[in-house]
Amino acid sequence: MYTTKNPGRLSGRHRRQASSHRLAVYISKHPVSPKAAKLPGRLVPSDDVPDGHQSKNPSHSMHNERARAMNDVNLKADMLQAMRRLAKSVTIISTSNGSERFAMAATAVDSLSTEPPSLLICVNKTASPHAALATGADFCVNILGVEQQDLAHLCSGAIKGEARFDRGNWLTSAGGIPYLGDAQSAILCRQDGHFSYGTHTVFIGRILQIHTSDAITPLVYLDGSYTTTAKPAPSFAAAG
Ligand SMILES: Cc1cc2nc3c(=O)[nH]c(=O)nc-3n(C[C@H](O)[C@H](O)[C@H](O)COP(=O)(O)O)c2cc1C
């Protein structure tokens with residue numbers, strides 16, 4: 001346990017936790033200003049003051065900037081630790097620009113709405129499929145099975161470009177999008193919008209067609225490693 005009253009006595013992780021806790025309390029008391037919220041990737045606590053009331057002292061704003069940057073650094077480290085505890089099914093996002101195919105391992109994928117059936121994917125702007133997606137290319141979200149770990153490895157940087165399609169049962173949709181014939185589920189989407197946020201772009205996919213296998217043994221990424229889901233203990237109630 002740690003106390004937030006005397007963080008000076010704390011060391012290492014507990015001091016960071018105390019500092020994050022104080023920041024969370026601060027943010028809850030100081031909602032993000034609309035002005036700050038407009039900054040992509042920088043939802044900062046609203047210590048902005050109304051226009052015309054800013055300090056004229058440049059060292060104050062430099063101090064605020066530095067404090068914000070340090071908060072972001074601490075939050076990034078804490079966020080990465082938190083995300084290690086978020087189990088995610090591993091997918092391969094596949095797409096094409098008409099002449100080249102792209103495939104990328106991804107976990108930043110989620111359902112968006114069932115009306116209309118849709119999902120979203122978050123793609124780093126530096127990743128190889130990004131340029132094609134940014135020009136509006138349709139895509140497929142291929143949910144991998146536990147036996148397809150090698151494909152996840154290939155599609156996360158081990159090899160590049162078209163060679164990523166040398167392994168796996170790749171097929172092509174009527175719309176020219178590559179999809180994995182033996183994925184747990186291959187969800188073909190028409191791209192229906194995107195927006196940029198920080199290092200990533202969020203692409204919305206309107207689901208057109210789904211190929212699903214009987215198996216429900218997904219490849220899962222947790223705590224920096226691949227694993228899979230165990231059968232639930234009998235005492236666990238089914239959710240929904
Ligand atoms: C388990 C796992 C999940 C990943 N999830 C994402 C993701 O959701 N979005 C993303 O942009 N990159 C993600 N990546 C990283 C990309 O797979 C990787 O950076 C990319 O394929 C390599 O860049 P390249 O395609 O330009 O060679 C993930 C990597 C792994 C191993």
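## Strand pairing and overall make-up

Two strands count as paired if DSSP finds at least two bridges between them. In this predicted model, β2 and β3 meet that condition with six bridges and pair in the antiparallel sense.

The protein chain contains five helices and twelve strands. Buried residues account for 21% of its 240 residues. Among contacts with a separation of 6 or more, 59% are between residues 24 or more positions apart.

β2 is mostly covered, with six of its six residues buried. In a regular strand the side chains alternate between the two faces of the sheet. On one side of β2 are T91, I93 and T95, on the other I92, S94 and S96, and all of these are buried, which leaves both faces covered.

## The nonpolar core

The largest nonpolar core has 33 residues. Those with the most contacts inside this core are I92, I93, M104, C140, L144, A152 and C155. Two or more residues each come from β2 (91-96), β3, β5, β6 (139-143), α5, β8 (178-180), β9 (185-197) and β11 (219-222). The element that gives the most is β3, with five residues.

What does A152 contact, leaving aside its neighbours within four places in sequence? Its contacts are V90, I92, A105, L144, L219 and Y226. Of these, I92 and L144 are also listed among the core residues with the most contacts.

## The shell around the ligand

The ligand has 16 residues around it, and A106, A108, N124, S128 and S156 come nearest. At least two residues of the shell are supplied by each of β3 (101-106), β5 (117-124) and α5 (149-158).

By class, the shell is made up of ten nonpolar, five polar and one charged residues.

## The sheet of β1, β11 and β12

Three strands form an open sheet in the order β1-β11-β12, with antiparallel pairing. β1 (88-89) and β12 stand at the edges and have a single partner strand each, so one side of each is left without a neighbour in the sheet.

β1 pairs with β11 over two bridges in the antiparallel sense, and S89 stands opposite V220 in β11. On the β12 side, four bridges join β11 to β12 (residues 225-228), again running antiparallel. The bridge partner of V220 in β12 is T227. V220 therefore faces S89 of β1 as well as T227 of β12. The hairpin of β11 and β12 has two residues between the strands, and D223 takes a positive phi near 55 degrees.

## Helix α3

Helix α3 (residues 58-83) has 26 residues and reaches 37 Å from its first C-alpha to its last, close to the 38 Å expected at 1.5 Å a residue. Is this helix covered or in the open? The number of buried residues among its 26 is zero, so α3 lies largely in the open.

## Two individual positions

A132 lies in helix α4 (residues 130-134). A residue needs 20 or more other C-beta atoms within 10 Å to be buried, and 12 or fewer make it exposed. A132 has 19, so this residue is partly exposed. Leaving aside neighbours within four places in sequence, A132 is in contact with T95, S96, N97, F102 and A137. T95 is 37 residues away from A132 along the chain, and their C-alpha atoms are separated by 7.5 Å. Both T95 and S96 belong to the buried residues of β2.

I216 is in the loop between β10 (200-212) and β11. With 11 C-beta neighbours inside 10 Å, I216 counts as exposed. The C-alpha atoms of I216 and T229 are separated by 9.0 Å, and the two residues are 13 residues apart along the chain.

Terms used
Residues numbered from 1 in each chain as written. Predicted model: local features only at pLDDT ≥ 70, side-chain atom pairs only at ≥ 80, totals over all residues. Contact = placed C-beta atoms within 7 Å. Expected span 1.5 Å × (residues − 1). Near = placed C-beta within 6 Å. Nonpolar A, V, L, I, M, F, W, Y, C, P; charged D, E, K, R; others polar. Core = buried A, V, L, I, M, F, W, Y, C linked by C-beta atoms within 7 Å.
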